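I opened a new notebook page for this structure.

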Amino acid sequence: MIMTEKGNLLLNLDKKKIMDPADLVFVGNSSLYLLAFVHEEFGNPFQYELFHLLMNQWKGDRITLVQDTEEARSYLTQDEKFTYHRNYKYKLRRRIIKEGMVTRVTIEPKEMKRWARRWQAFINQYVLVNYDSHLFITLDKRLYKQTQQMTPYFVLATAENRKESGGSWSTHRIGVEPIGTETFDAGDYFEMFRLIGNQSAIKLSKEDSERKLGLRD
């Protein structure tokens with residue numbers, strides 16, 4: 001069962017790093033809903049930071065989500081020798097004030113404009129690739145217009161929900177690459193058109209990708 005209200009930690013299993021998404025999301029809460037939520041204009045600062053890590057120093061690493069508890073943090077840092085990743089390059093500048101049950105978030109207008117420019121320059125240009133299953137997801141506006149605002153497949157698939165028969169990208173090697181990447185030339189890769197629960201997929205060539213985005217006649 002996926003818990004939607006609990007906080008989550010993102011783990012890089014290969015580098016033994018812990019990312020706390022609460023440091024990055026708009027309102028400082030790392031529930032799956034808020035990890036998933038993508039504002040049409042401003043995007044999602046957590047996803048933006050993670051995708052850039054997956055383009056560079058985390059490319060090809062195994063990533064998973066676990067529920068954020070004191071026991072989990074203690075086990076990861078003390079028994080498994082994980083350390084925290086805090087060197088954020090794209091952290092959202094915001095002020096969070098909690099008053100009882102109410103959380104107030106203040107973001108300056110110039111910061112929102114900065115994030116809007118960043119997101120618009122990023123979207124529609126990259127794919128999230130699973131190197132083990134040879135599946136990929138195009139990070140485009142089509143993906144983020146889903147009614148339920150779900151984040152890409154691997155993030156929702158927590159470690160506790162992984163099944164041997166598939167359905168999860170948890171612990172798979174993943175990365176982010178430009179649309180039309182040469183990685184696709186090394187073997188058959190298939191695009192996941194929809195998210196959780198839909199296994200339909202088609203092979204998408206570089207020409208098809210560019211045509212979808214209006215870059216080719």
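I looked up Asn 29 and found 33% relative accessibility, so I logged Asn 29 as partly exposed. Here buried means under 20% relative accessible area, exposed over 50%, and partly exposed in between, with a 1.4 Å probe and protein chains only. I noted that this is a predicted model, where local features need pLDDT of at least 70, side-chain atom pairs count only at pLDDT 80 or more, and totals for chains, interfaces and linings use all residues. Residues are numbered from 1 along each chain as its sequence is written, and side-chain values use heavy atoms, without hydrogens and water.

Asn 29 sits in the loop between strand E2 (17–19) and helix H1 (32–36). Helices (H or I, at least four residues) and strands (E, at least two) are DSSP runs, numbered from the N terminus. I checked the side chain of Asn 29: it reaches the backbone nitrogen of Ser 31 at 2.8 Å. Leaving out residues up to four places away in sequence, Asn 29 touches Ala 22 and Leu 34; contact means heavy atoms within 4.5 Å.

Next I went to helix H2 (residues 45–55). Eleven of its eleven residues are buried, including Phe 46, Tyr 48 and Leu 53. Asn 44 caps the N-terminal end of H2, with a side-chain oxygen 2.9 Å from the backbone nitrogen of Phe 46.

Four residues lie between the strands, and His 134 takes a positive phi near 60°. I found Leu 135 and Ile 137 on one side of E8 and Phe 136 and Thr 138 on the other, all buried.

Note on methods:
Two strands pair if DSSP finds at least two bridges between them. A polar contact is a pair of N or O atoms within 3.5 Å; within protein, one must be able to donate a hydrogen and the other to accept it, and residues adjacent in sequence count only if both atoms are side-chain atoms.
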